[in-house]
Amino acid sequence: MKDTLQKFLVDNAPVRGELVEISDTWRHVQERRAYPPAVRTLLGEMLAAAALLSANLKFNGMIVMQIHGDGPVKLLVVECDSELQLRATAKLAEDTLIADDATLTDLVNASGNGRFVITLDPKDKLPGQQAYQGVVPLDGESVATVIENYMLRSEQLDTKLWLAADANVSRGLLLQKLPTIGGTAAPTAKPEGELETWNHMVMLGDTLKREELLSTDIATLMHRLFWEQDVRVFDPVHPQFHCSCSREKVGNMLKMLGQEEVADALSQTDKLAIDCDFCGQHYEFDAVDCAQLFVAEVGGASEAGEVRH
Ligand SMILES: [Zn+2]
């Protein structure tokens, strides 16, 4: 079955929501390496969250979620573009043992120096336009709480998230209270009924146990949770795994390292081998390939600066 993201809208109340289930994409992410269960849960939850946010923000570009950890997990990265193409990876500290019940704080914020960074990188940038980057405090015991706080602060949107992941599936529910059109976003300004609907739906979401979220498909969840509400359901969309790595991008990375560093690395081996962290694609650059990287650059400069006879 395809990975699926299902958007819905509540009639008669400014509440919208999304349910997502990701298993095929999640399997691709995990093909590369076996993560300790606690890390797997965290990365899987970020995967669902990235898909939910990407569909929610209606933003044409790439959402990059990164946690730079100060504990046994050094880095977690999840990327999602507007077509819901996802890739994800995690880097662990060497020689580290991670308990199955390690918390978010244990994993990435042991000394309080962990950083959660959300980047919105527009696809077609206008001249001078840059990616928007928000550093989000890791103030919560779950990815869901951290993102809820981010959405409230940066988008002024009351958002609730329920996320769960195991080896087979990553599933999530998002509910969002929309600002009333033409009105204010202050909860006191809302008619009683609308606020009641929102609170009721959040309460229904809160009944979701992790096990239930992991073991129930989203069509069943939708019915079980919201059968009493007048919910309008949109056509489902399908997240999928996609890695944007290429030989050209790896070449650019080598160029950024500089000629000296590359020459140094080449003096110890006859070719540089680089594996993509996201998809495992293997790239090789021998001495000739590397020389070409730097020759091309010099050639470009000479064309602009010299008159040839
Ligand atoms: Zn790749």
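C245 has a relative accessibility of 21%, so this cysteine counts as partly exposed; the cut-off for a buried residue is under 20%. Keep in mind as you read that this is a predicted model. C279 is partly exposed as well, because its relative accessible area is 29%.

The zinc ion is coordinated by the SG atoms of C243, C245, C276 and C279, at 2.2 to 2.3 Å. Along the chain, the donors follow the spacing C-x1-C-x30-C-x2-C. The pair C245 and C279 links distant parts of the chain, 34 residues apart. C245 sits in the loop between β11 (240-241) and α8 (247-257), while C279 belongs to the loop between β12 (271-275) and β13 (282-286). As for the geometry, the 4 donor atoms subtend angles of 106 to 112 degrees around the zinc ion, which makes the arrangement tetrahedral. For that label, all angles have to lie between 85 and 135 degrees.

Let's move on to a strand and its partners. Strand β9 (residues 170-177) is mostly covered, with 8 of its 8 residues buried. How are its two faces made up? On one side are S170, G172, L174 and Q176, and on the other R171, L173, L175 and K177, all of them buried.

| Strand pairing with β9 | Sense | Bridges | Residues standing opposite |
|---|---|---|---|
| β2 (residues 15-22) | antiparallel | 8 bridges | V20 and G172 |
| β8 (residues 158-165) | antiparallel | 8 bridges | T159 and Q176 |

A helix is next. Helix α4 covers residues 143-155, and its 13 residues should span 18 Å at 1.5 Å a residue. Its end C-alpha atoms lie 17 Å apart, which agrees with that expectation. Which residues of α4 are buried? They are V143, A144, V146, I147, E148, Y150 and M151. Just after the helix comes Q156, and this residue takes a positive phi of about 50 degrees.

Note on methods
Residues are numbered from 1 along each chain as its sequence is written. This is a predicted model: local features need pLDDT of at least 70, side-chain atom pairs count only at pLDDT 80 or more; totals for chains, interfaces and linings use all residues. Side-chain values use heavy atoms; hydrogens and water are left out. Donors are N, O and S atoms within 2.8 Å of the metal (3.2 Å for Na, K and Ca); water is not among the atoms, so sites may look incomplete. Four donors count as tetrahedral if all angles lie between 85 and 135 degrees; four count as square planar and six as octahedral if opposite donors are over 155 degrees apart and all others between 65 and 115; anything else is irregular. Helices (H or I, at least four residues) and strands (E, at least two) are DSSP runs, numbered from the N terminus. Buried means under 20% relative accessible area, exposed over 50%, partly exposed in between (1.4 Å probe, protein chains only). Two strands pair if DSSP finds at least two bridges between them. The expected span of a helix is 1.5 Å times one less than its number of residues.
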